[in-house]
Amino acid sequence: MASYNLTINNKNYSVDVDPQMPLLWVIRDFVGLKGTKFGCGIAQCGACTVHLDGNPIRSCTFPVSAASGHKITTIEGISENIDHPVQKAWIEMQVPQCGYCHSGQIMSAVALLAKNPKPDDAAINTAMQGNICRCGTYQRIRKAIHRASELMGTETKKVFAHE
Amino acid sequence: MQSNANLNRRNFLKMTGLSGTDFILGLYASGNKGTSAVVNMSGLEDTFELTPYIIIEKSGSITIMNPRPEMGQGTFQSLPGIIAEELEVSLDQVTIKQTAGEKQFGRQVAGGSSSVRGNYMNLRKVGASAREMLIKAASDQWKVPIDECYAENGKIFHKPSGKSLSYGELAEAASKLEVPKEPVLKDPKDFKIIGKSAARPDIPLKVSGRAVFGMDVEVPGMVYASVERCPVFGSKLISYDDSKAKKIKGVQQVIKADRVVFGKTKYEGIAVIADNYWAALQGRKALKIQWDYQGFDKFNSNDYEQTLRDLAKTEGLIVHSSGDFDKALAESPLHTEALYETPMVSHSTMEPMNCVAHWKEDNTIEVWVSSQGPTLIKDELFKTLGVAQDNIKVNIMFNGGGFGRRLQSDFASEAASISKAVGKPVKVIWTREDDTQLGPFRPMTFSAMKGAVSNDGMAIAFQHKVISPSLNASRNTNFDKTKPDNSMVEGISDQKYEIPNMKNEYVISDFHIPISAWRSVTSSTLAFAHECFIDELAALAKKDPLEFRLNMLTKDSDTKKVLTKVKEVSGWDKPLPKGWGRGVAQYEFFAGLSAQVVEVSLQTNGSVKVEKVYAVIDLGTVVNPDNVKAQVEGGIVMGLVAATKDGIRFENGKSVQTNFNNNRMLRINEMPQIEVTIIADGGPTIKGVGEPGLPPLAPALCNAIFAATGKRIRRLPVDLNKV
């Protein structure tokens with residue numbers, strides 16, 4: 001057991017856990033944020049995707065000991081009011097079915113758009129192929145990422161208009 | 001009531017921990033649209049029940065019950081939407097509550113694509129009855145004729161004066177009125193919800209991490225468990241050593257635990273109980289267990305498949321016979337035969353099996369679970385644990401996928417028995433490896449096909465003989481094997497092709513591996529053999545595959561309709577680029593009907609790429625068109641996985657596939673374009689949505705591969721990288 005200070009969604013948490021415990025279970029069962037999902041435990045499905053300093057990682061295989069001192073963002077941290085452009089696009093395209101994989105899908109998409117605001121289909125394939133959706137929502141995920149890209153462009157323009 | 005717009009762990013615990021009170025999934029009409037996942041009904045005051053499905057508070061808050069679990073298929077919108085339509089409220093105005101197996105709602109099971117088609121008229125009547133009661137209450141209060149009053153947007157209006165009363169103000173008086181037996185239903189042309197692509201209220205919850213799945217439930221005092229069960233089915237426990245497991249910090253106890261499948265077959269396991277899941281899992285890995293495989297470790301898929309091939313040569317039980325098949329086949333110079341083979345597959349819902357169960361001191365049980373049927377959970381716990389249904393409380397959470405796996409309740413009864421043993425509420429979480437290896441699985445079916453065509457190119461003889469394990473025999477020890485298992489010959493005698501001489505047969509094969517329904521059940525495999533062989537007959541007759549089919553459909557039928565439509569929308573007669581091929585298939589079965597055209601292209605590296613799928617689904621009436629399209633898209637993807645990915649294969653008695661690395665799923669880079677067309681011409685019968693999109697995919701794909709390459713695919717899965 002060891003004590004770790006974690007910064008998750010800009011809040012600080014102190015946990016006393018096994019250093020090898022995957023970040024996923026710390027986030028879910030010690031911090032109490034249930035939006036990040038367990039899917040496979042071997043970094044194959046992406047349901048557990050969170051951001052570490054803005055980069056998508058699979059929290060199911062990422063030991064808590066390596067997360068200390070980094071900025072962690074979970075699905076709960078991307079917006080207060082479900083109004084992140086990716087979330088808006090996901091709602092507009094009615095992407096989720098069962099919804100279980102979509103916290104991870106969205107976290108991968110948010111990270112992609114942060115680095116590449118106008119991804120083409122090939123870039124989407126590369127960034128999103130680590131996330132499995134068993135309900136088969138891929139066509140809508142693709143559309144929603146393009147739509148989110150549009151929304152982000154518009155929102156950026158709005159900011160400039162204010163200036 | 002509390003909204004969980006700002007759900008935090010403490011509140012969540014507080015709400016879920018109120019034993020004996022209702023715990024619901026819901027969209028809470030707080031004016032803050034789409035932000036609530038958990039609402040506690042215990043705080044409701046001054047509520048009035050107009051029908052069991054509609055609860056109106058004096059404050060005006062309206063709750064509508066959803067009697068079918070939400071697993072992605074959209075019942076959380078479609079069923080409350082049907083009630084809301086007739087009640088004259090919008091879904092934004094209501095809280096949706098999941099039913100929990102209460103008797104007044106009948107059998108609550110989501111399966112067989114039956115939620116809308118099985119409830120459409122009843123739920124419209126529910127909404128219409130409540131509307132008429134509210135109108136009557138208003139007319140009584142105002143002392144005006146009923147026909148001067150109408151309902152709109154949660155209020156009753158008096159037309160001449162323009163005055164109005166809200167449903168909340170009328171609820172008490174309305175609830176004392178008799179429920180009309182035959183209420184007047186709305187004219188479909190006035191529909192505001194039904195037939196419209198309405199946004200699903202669960203989606204905001206699912207894009208924000210707020211939707212509460214079974215996996216996300218916590219109750220006070222809860223411990224975690226991970227269970228080691230032998231992946232070799234039929235094994236017996238000899239002994240186990242838990243000394244190392246118990247040394248792991250956080251591990252509390254190690255106990256024996258039984259998993260009972262179908263309420264009858266018991267599989268032993270060792271459960272490690274711990275403060276947290278990770279500790280339970282580490283403890284489980286430290287167990288030393290000795291199993292007696294009882295010879296079942298000799299079982300492997302290769303040998304079993306050879307058994308099925310041998311059985312294919314034997315005569316089967318007659319399933320359907322018309323004309324004189326044997327004579328027609330013998331007399332026809334143009335005849336052919338083929339054996340088609342399909343694999344076992346896993347359901348692999350993205351949310352692995354799990355359950356929170358609390359066996360309480362008073363011998364009642366409460367479970368929080370992702371399940372396709374609260375009724376099934378109650379029945380199973382009664383059957384396996386002997387606790388009466390009235391003493392079982394079920395909380396149905398959002399299902400992270402169902403696909404037939406969550407029609408079984410083995411994981412719930414196992415969790416309840418562990419809770420009893422430890423005297424605490426327990427959350428049992430299956431690993432992905434457990435979920436992949438332990439079944440129940442979709443069974444394989446083999447199909448021995450024979451057929452003949454006439455000189456003028458018409459099919460004149462056709463035989464589909466199914467050789468397979470039996471779903472009913474797996475489930476029911478007393479199943480009469482001298483009769484064909486109807487669930488294993490699904491649809492093979494119901495296609496509308498006018499073939500004069502047919503003889504369909506069934507050959508059962510014993511199987512010790514647990515098998516169960518999987519999305520579109522046996523149609524998911526039989527359609528492959530059936531519709532690929534129709535294609536073989538078309539080739540034998542030197543006919544275009546689609547024309548060949550339409551030629552056998554001289555009478556009007558829904559099948560003719562969907563094939564004609566898919567011909568049109570796919571541009572069937574237009575030439576394709578070089579190296580491309582297209583194939584067609586349709587399948588009609590209990591759940592409904594879809595026809596599909598798949599286009600594939602041959603790549604320079606020899607692989608086959610699935611380019612585009614055109615799907616037509618026939619419904620009669622459609623409630624939410626966009627959701628129907630989503631379901632067909634999903635059926636196609638699941639069909640594509642089953643047709644082209646690993647499937648489940650047994651070696652040394654256990655599944656070789658363990659996780660998504662070797663039981664691969666389709667990924668976004670492999671996704672074809674899908675275009676769905678809905679036929680909803682308002683016919684009297686409503687067909688299903690969740691399953692019919694699946695069966696035609698495999699045969700349409702393999703027929704397209706034949707068109708592109710000249711190679712017949714008669715065994716699935718087909719590896720598209722080396723066709």
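In chain B, 77% of the contacts between residues at least 6 apart in sequence join residues at least 24 apart, where two residues are in contact if their C-beta atoms, placed from the backbone, lie within 7 Å. The model is predicted, so local features need pLDDT of at least 70 and side-chain atom pairs count only at pLDDT 80 or more, while totals for chains, interfaces and linings use all residues. Residues are numbered from 1 along each chain as its sequence is written, and chains are lettered from A and ligands numbered from 1 in the order in which they are written.

The secondary structure of chain B consists of 18 helices and 29 strands, taken as DSSP runs numbered from the N terminus (helices H or I, at least four residues; strands E, at least two). With a radius of gyration of 27 Å, close to the 27 Å that the globule rule gives for 723 residues, chain B is as compact as a globular protein of that length; the radius is taken over C-alpha atoms, and the rule is 2.2 Å times the number of residues to the power 0.38. Of the 723 residues of chain B, 58% count as buried, that is, 20 or more other C-beta atoms lie within 10 Å of the residue's own, with C-beta atoms placed from the backbone.

Helix 7 of chain B (residues 277-285) is mostly covered, with eight of its nine residues buried, among them Tyr277(B), Trp278(B) and Arg284(B). These buried residues pack against helix 1 (23-31) of chain A as well as against elements of chain B, including strand 12 (251-261) and strand 13 (265-274).

Two other helices of chain B, helix 2 (residues 75-87) and helix 3 (residues 115-142), pack at an angle of about 35° with their axes 6 Å apart; axes are lines fitted to C-alpha atoms, for helices over the stretch in contact, and angles run from 0 to 180 degrees between N-to-C directions. Among the residues making the contact are Leu79(B) and Ile82(B) of helix 2 and Leu123(B) and Arg124(B) of helix 3.

In chain A, the domain assignment, which is automatic or from a database, gives domain 1 (2-77) and domain 2 (85-162). Their C-alpha centres lie 22 Å apart, and 15 residues of domain 1 are in contact with 12 residues of domain 2.

The table gives the classes of residues in two contacts (nonpolar: Ala, Val, Leu, Ile, Met, Phe, Trp, Tyr, Cys and Pro; charged: Asp, Glu, Lys and Arg; polar: the others, Gly among them).

| Side of domain 1 touching domain 2, chain A | six residues | eight residues | one residue |

Note on methods. Buried ≥ 20, exposed ≤ 12 C-beta atoms within 10 Å, placed from the backbone.
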